[in-house]
Each structure stands twice: as structure tokens, then as C-alpha cells.
Amino acid sequence: MSSLTSTSTTTGARAAGTGRLPQLFKGMAWLVWRQHRAAFWTVLGASALAVAYIVFQRSQVYIGGYGTTSTGLRLVPILLGVFLGAPLFAGDLENGTARLVAAQSVSRTRWLTTKLALTSVVVVVSTVALSAAFGWWFDLYQSEVTAAEWIFEYNFNTTGPVPVALALLSVLGGAAIGLVLRRTLAAMAVTLAFTVAVQLVWSHLLLSLGNVLTLTTSKGVTAEYPAQVLPTGAYRTGGASYITGDGKLLGVGTCADAQTERATELCLRKADVVGWSIDYLPMSQMTGMQWFGASILLALTAAVTAFLFLWGGKRPV
């Protein structure tokens with residue numbers, strides 16, 4: 001309490017000479033940093049260690065540990081939401097710090113803005129660093145294993161802008177939950193469920209972010225197979241179908257009753273099957289899909305932020 005009072009007094013004394021608004025903001029930012037410095041430094045320090053590990057593994061041309069590291073990175077938004085977002089306001093409301101801040105002539109908007117801005121900066125700095133480092137490792141992984149795995153969440157959700165957007169949504173969502181529930185443990189439990197649900201729904205919607213392309217062949221079903229004609233790294237979004245001379249699609253079980261290879265050939269000829277039709281997503285769409293997906297997540301985050309200000313501006317502290 002004494003620190004807060006001292007900060008407010010110093011701020012007021014300086015306001016006359018240098019302007020009240022800038023000094024109040026600096027004082028509030030300093031207070032928020034001191035209040036959450038343990039959590040902030042933990043996030044930044046853990047991120048620095050993780051980046052160092054990834055850089056070391058990548059520089060040694062290792063792919064061992066890639067899967068484990070990816071799993072850990074996918075947990076980062078969940079952990080940030082539970083341990084950084086949920087207590088952000090719930091702790092202040094539960095222990096009375098919010099009332100103390102209000103007594104120092106600090107507006108609710110200033111309180112909300114400073115805490116959200118400083119926390120968001122820490123989240124963005126840490127997740128951008130992790131995403132950049134792991135993206136560098138992913139470049140090696142895809143060349144050593146298979147490029148077709150780019151669409152899977154352990155690659156798609158851990159590189160580019162996606163992990164940053166997921167982390168921001170998780171943290172600000174947790175902050176909103178804490179602001180409503182006003183109890184830290186309850187907010188952390190609900191935030192855990194919220195962030196896990198976000199991850200599950202998001203992973204389910206990944207394929208819908210891209211523009212599915214269709215490839216067709218016309219040299220028969222035995223001369224060309226789907227795996228041979230798709231571009232390198234392409235991800236098949238469904239099973240292949242037979243295509244007829246007039247463009248109709250038939251299921252691959254069309255001639256399944258044929259007992260011999262010759263009978264199957266005659267059946268396909270009778271059905272006028274000339275080749276395959278395959279739907280796929282090319283790897284070239286990965287970056288565009290990530291930015292499109294991140295924009296959706298950031299739009300949701302903006303909606304959550306608006307709710308935070310609306311709710312926090314009306315509810316008593």
C-alpha cells in the first residue's frame with residue numbers, strides 16, 4: 001500500500017511541471033510491472049530458455065525432440081491463459097487491490113488499459129520469439145521428413161502468426177473470465193476449460209482456412225495414381241474419386257465387385273472412367289492460411305477486449 005501511495009504522490013508532484021496524463025501513465029505502468037513482475041519475468045525467462053534450446057537443436061541439424069518441443073509450444077497459450085490471464089484482474093478484485101487503485105484517482109479505463117497493454121506486450125514478445133525460432137526448426141524438419149505435415153496443428157499452430165494470436169486470445173479471454181468471476185482459482189479453472197476448447201475448435205477448423213484445389217487426370221487409373229500426380233507437400237483433403245470422360249465423379253468402389261484385374265478393367269471402361277479426381281491443399285497456401293487464421297483470432301481477441309472495457313467500466317471494484 002505504501003508503494004502505491006508513494007507512487008501516486010510522486011506522480012502528483014511531477015504533474016504540475018511535466019503534464020499529469022503522461023506521468024500518471026508512467027506511474028501506473030510501473031505499478032503494474034512491479035505487481036506482476038514475477039509472472040512477467042517468468043514468461044520472458046522461460047521463453048528465452050526455450051528459444052535457446054530450439055536454436056541449439058536446429059544449429060546442430062537435429063530433428064530429435066522436435067515433436068516434444070512442438071507439444072510444449074502448443075501448451076503455451078493454455079498456460080499463459082491460466083497463469084497470466086486469469087489472475088490479471090481476478091487477483092486485484094479478490095484481494096482488494098482494485099479498490100486501492102481506484103482510491104488513488106486512477107480511472108478504471110487507465111487501470112484496464114495499462115494492465116492489458118503491458119501484459120500483451122510480454123505475451124507478444126515471448127510468442128514471437130518462440131514462433132520465429134521454431135519456424136526456423138520447421139524448415140529443417142519438413143525437408144528431412146515430409147512437407148505434407150505442414151497442415152497438422154503441431155506445425156501450423158506453432159509457427160508464423162498463429163501462436164501469437166492464439167496466446168493473445170487465451171490471455172485476454174482468461175482476463176475477461178477473471179474480471180467476471182472475481183475469484184482467482186475459479187477463473188483459472190474456467191480459463192483452462194476455455195483455452196483447451198479454443199485449441200480443439202481451432203484445430204478442427206484449420207482445413208477450412210484454405211482454398212481447396214482439384215486435380216484431375218485423364219490417362220486412366222492405372223497409369224497415374226493420386227500420390228504420383230499431386231504437387232510436393234500437397235495435403236489431400238479427402239479420398240480420390242474416379243472421373244469419367246464427361247466429368248462425372250464415381251466412388252472408388254464402383255468396380256469393387258469385379259473378381260479379376262481384367263474384369264475390373266472392363267468395368268472401368270464400361271463406366272467411361274478415364275482417371276482420378278483429387279481435392280488437395282498445396283503447401284504454398286500455408287503462409288496465407290496462417291495469416292487469415294490469425295486475423296480471425298485477433299478479431300475475436302478485439303471483441304474480448306471490448307467486452308473487458310464494457311464490463312470493467314460498469315461493475316464496481
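Ser 70 touches Phe 134, Tyr 154 and Thr 158, leaving aside residues up to four places away in sequence; contact here means heavy atoms within 4.5 Å. This is a predicted model, in which local features need pLDDT of at least 70 and side-chain atom pairs count only at pLDDT 80 or more, while totals for chains, interfaces and linings use all residues. Residues are numbered from 1 along each chain as its sequence is written, and side-chain values use heavy atoms, with hydrogens and water left out.

**Around Ser 70**
- Ser 70 sits in helix α3; helices are DSSP runs of H or I with at least four residues, numbered from the N terminus.
- With 0% relative accessibility, Ser 70 counts as buried (buried is under 20% relative accessible area, exposed over 50%, partly exposed in between, with a 1.4 Å probe and protein chains only).
- Between Ser 70 and Phe 138 there are 68 residues of sequence separation, yet a C-alpha to C-alpha distance of 9.8 Å.

**Aromatic pairs**
- The whole structure holds eleven aromatic pairs; rings of Phe, Tyr and Trp (its six-membered ring) pair if their centres lie within 6.5 Å, and planes under 30 degrees apart count as stacked, over 60 as edge-to-face and the rest as tilted.
- Phe 89 and Trp 111 form an edge-to-face pair, because their ring centres are 5.2 Å apart and their planes stand at 70°.
- This pair links distant parts of the chain, with Phe 89 in helix α3 (residues 66–95) and Trp 111 in helix α5 (residues 108–144), 22 residues apart.
- Phe 89 and Trp 111 are both buried.
- Phe 134 and Trp 137 are edge-to-face too, with centres 5.9 Å apart and planes at 80°.
- Both Phe 134 and Trp 137 belong to helix α5, three residues or about one turn of the helix apart, and both are buried.

**Nonpolar cores and a surface patch**
- The largest nonpolar core has 53 residues, and those with the most contacts inside it are Leu 80, Phe 89, Phe 156, Trp 202 and Leu 308; a core is a set of buried Ala, Val, Leu, Ile, Met, Phe, Trp, Tyr and Cys residues joined through side-chain atoms within 4.5 Å.
- Two or more residues of this core come from each of α2 (20–59), α3, α5, α7 (162–181), α8 (184–205) and α11.
- Another core, of twelve residues, lies apart from it and includes Val 221, Ala 234, Ala 240 and Val 273.
- Phe 307, in helix α11 (residues 286–314), counts as partly exposed at 33% relative accessibility.

**Salt bridges**
- There are three salt bridges in the structure, each a side-chain nitrogen of Lys or Arg within 4 Å of a carboxyl oxygen of Asp or Glu.
- Lys 115 pairs with Asp 92, the closest N and O atoms being 2.9 Å apart.
- That bridge links distant parts of the chain: Lys 115 is in helix α5 and Asp 92 in helix α3, 23 residues apart.
- Lys 115 is buried at 0% relative accessible area, and Asp 92 is buried at 2%.
- Arg 262 meets Glu 265 in a salt bridge at 3.7 Å, N to O, and Glu 265 meets Arg 269 in one at 3.0 Å.
- Arg 262 and Glu 265 are three residues apart in helix α10 (residues 261–270), so about one helical turn separates them.
- Arg 269 is exposed, with a relative accessible area of 53%.
- Shared partners join Arg 262, Glu 265 and Arg 269 into one salt-bridge network.
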